[in-house]
Amino acid sequence: MAEILTVRSALELEVFSRTDVRVYAGERNLDRPVRWVHTGEIPDIHRFLTGQEMLLTAGLGMGETALQQRAFIRRLADARAAVLVVELAGRMFDSMPQAAIEEAEATGLPLVGLAEEIPFVETSAQVHEVLVGMRVKQLIAEEATSQAFMDLLLADEDYVGVVRELARRTGRPVVLEDVAHQTLAYGGATPEADEIVDQWSAHSRAIHERHHSLVAQGPNAPAASFREVVPCARQPVVLRGESWGWLHLLHGGVQPTPAELRTLERAAAALAITLLSERESGARASQRQTALLNRLLLGDITGDRFLGLALALGQDLRGRDLIVVTACGGDGEPLKDHTLARLLHEAGWPAVVGDTGDFDMAVVGLPARGAVPDVHAVLSDHGLRGGISRLVKPAALPLALRQSRSAASVAAAAATAEVRHFDDLGALRLLVALSEGPELRRYVEDELGPLLEHDALVKNPLLPTLRAFLDCGGNKARAADELFVQRRTLYHRLDRLSEILGLDLTRVDNQQRLQLAVRGHDLLRRPTLQRT
C-alpha cells in the first residue's frame with residue numbers, strides 16, 4: 001500500500017470501476033495527495049474546504065453560464081482542492097462544460113467526469129477506508145522507527161550508529177555535521193553522495209545558506225515548498241536549546257517522502273540524547289577511531305577499507321597523501337584532552353586519531369607532499385615527542401603504522417623532546433625492532449650489565465659519562481666540555497669504565513658496540529608503544 005492516497009490511485013478504487021471515468025483537465029496533477037472526501041451542490045462549497053479534498057458533485061452548484069463555471073473552478077483551485085469529480089448523467093450536465101475544462105486546465109485543477117451516477121456515500125466510504133488504513137500503517141511504521149532508535153540508545157550506541165540506522169531505514173545517504181560544518185559521520189554511501197561529501201563545505205555553506213530547509217518550514221509545509229531545497233533535506237540537532245549541528249538526508253533531487261522526513265526528525269532527536277555530554281561524545285568518537293586503527297594494526301582490514309570506514313566517521317582521507325603520526329607528551333607522558341586530534345583539526349588536516357595508551361596515533365591526510373614539514377612543526381611547536389612515517393598509499397598504511405611507532409619510540413627515548421622521521425632513524429630501526437622481543441634486553445645486559453650494577457650501588461653513576469663520550473665520537477676534549485668537568489676527571493672516569501666493562505674505549509669497534517648498547521638501554525627504559 002502506498003504511503004499517501006493520490007488522485008490517480010483514488011480513481012482506481014472499485015467504486016469508480018462501475019462507470020466510465022474521464023480526466024478532462026489537470027492530468028499533470030493526478031499525483032496530488034487526497035486527504036479527505038467532500039460532497040456538495042452549492043456554489044460556495046469552497047468555503048468548507050481546507051485543502052487536498054476530493055470534491056464529488058452532480059454539478060448543481062457550478063452554475064449555468066461559462067462565467068459562473070469559471071469562477072467556481074477558480075475558487076476550488078484557490079482552496080487547494082485535490083480534484084473535482086462531476087457526474088455527467090443528466091442531472092445538471094450531459095457533457096463537461098468547455099469553460100470548466102479550460103479554467104481547470106489553466107489552474108491545474110484535475111477535473112474528472114463520470115459517465116453515470118455512482119453512490120457518493122459508498123465512494124466516501126471506500127476512500128475513507130483506504131485513508132484510515134494508511135494512517136494505521138503509518139502509525140505502526142512510526143512506532144517501529146521510534147523503537148529502533150530507542151533500542152540504539154538502550155544499547156549505548158553513539159551518533160555513528162544512529163546515522164547508520166537512518167541511512168538503512170530511508171535507503172538514502174546521510175551526513176551528520178557539527179555547527180562548524182565539519183563532517184562527523186557519513187552513512188549509506190553512494191558514488192553520487194561521495195561527490196557531495198568531497199565538496200562538503202560548498203554544499204553545507206553555499207547551498208544551505210541560500211535556501212531554507214524543509215524542517216525550517218515545519219512538518220505541515222506544503223509539498224510544493226520541498227522543491228526549494230536541493231539536493232538534500234536537513235534537520236537541526238538541538239542540545240539544551242542551542243543548535244549543535246545538522247543531520248542531512250541526501251536525496252539527489254528525488255524528494256523525500258513524509259515518512260522519511262519523520263524518520264529524519266526522530267533520528268535527530270535520538271542524536272541529541274547521545275550527544276548531551278560533549279565530553280562523552282568526544283570520548284566515544286575517540287574510542288571508535290581507536291578501534292578502527294587497531295583493526296588496521298591487526299590486519300583485520302585493508303588500507304582501502306580503512307579509508308571507507310574513516311569516511312563513515314567523518315574523516316575524508318581519499319585522494320590525499322597519507323602519513324602516520326605517533327606522539328606523546330614532551331615529558332614522555334601520555335597526551336591529555338585529545339591534544340593530537342585537536343592540533344590536527346586546527347591545522348585543517350583530516351585524521352583518524354586513536355589512543356594506544358602511552359601514545360596517540362593518527363592516520364593523517366595531507367593536501368600535498370610538502371606539508372610533511374608542517375606536521376613536524378606543529379608537533380614540535382607544542383612540545384610533543386613523536387614519530388612520522390613515510391608518505392604512503394592506502395595499501396601501505398599498515399607498514400606506515402609500524403614506521404611511525406618505530407620513530408616515536410626513538411623520540412621517546414631521547415633526552416629532550418623531539419620529533420623523528422622514520423627515514424632518519426638509520427640503524428636505530430634495528431634496535432626498535434629488537435626491543436619488541438628479548439634480544440635487545442639480552443644484548444644490553446651482556447654489554448652494560450656490570451656498569452649498570454655498579455651505577456645501582458653508587459651516588460655518582462658512570463653511564464652518563466659513557467653516553468657523552470660516545471655521542472662525541474670518542475673525542476675526550478669535547479666530552480669533557482659536554483660534562484662540564486676537567487679533562488683529568490674525565491680521564492679518570494674513562495679508566496674506571498674500561499675496568500668495569502673490560503673494554504678498551506679507545507678502539508672504534510668497542511665504541512660502536514657500546515653505542516648500540518646505550519641506545520638500546522635508552523629505548524628499553526623509556527615508555528614503549530602498547531602492542532595490540
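Here are some worked exercises on the predicted model above.

Some ground rules: residues are numbered from 1 along each chain as its sequence is written, and side-chain values use heavy atoms, with hydrogens and water left out. Since the model is predicted, local features need pLDDT of at least 70 and side-chain atom pairs count only at pLDDT 80 or more, while totals for chains, interfaces and linings use all residues.

**Exercise 1. Find where pLDDT stays under 50.**

Start with the chain: its mean pLDDT (the predictor's confidence in each residue, from 0 to 100) is 82, and 87% of the residues reach 70 or more. Next, pick out the stretches. Residues 212–230 stay under 50, and the model has 26 contacts (heavy atoms within 4.5 Å) for them beyond four places in sequence. Residues 527–532 also stay under 50, with 21 such contacts.

**Exercise 2. Work out which residues have the most contacts inside the largest nonpolar core.**

First, the term: a nonpolar core is a set of buried Ala, Val, Leu, Ile, Met, Phe, Trp, Tyr and Cys residues joined through side-chain atoms within 4.5 Å. Buried means under 20% relative accessible area, exposed over 50%, and partly exposed in between (1.4 Å probe, protein chains only). Now look inside: the largest core has 44 residues, and L176, V237, L247, F306 and L397 have the most contacts there. Helix α8 (residues 258–274) gives the largest share, seven residues; helices here are DSSP runs (H or I, at least four residues), numbered from the N terminus. Finally, there's a second, separate core of 23 residues, including L5, F16, F120 and V130.

**Exercise 3. Compare the cover on the two partners R513 and E447.**

Their side chains meet in a salt bridge at 2.9 Å, N to O. R513 is in helix α19 (residues 508–525) and E447 in helix α15 (residues 439–455), 66 residues apart. R513 is partly exposed at 33%, whereas E447 is buried at 12%.

Terms used. Helix = DSSP H or I, 4+ residues; strand = E, 2+ residues; numbered from the N terminus. Salt bridge = Lys/Arg side-chain N within 4 Å of Asp/Glu carboxyl O.
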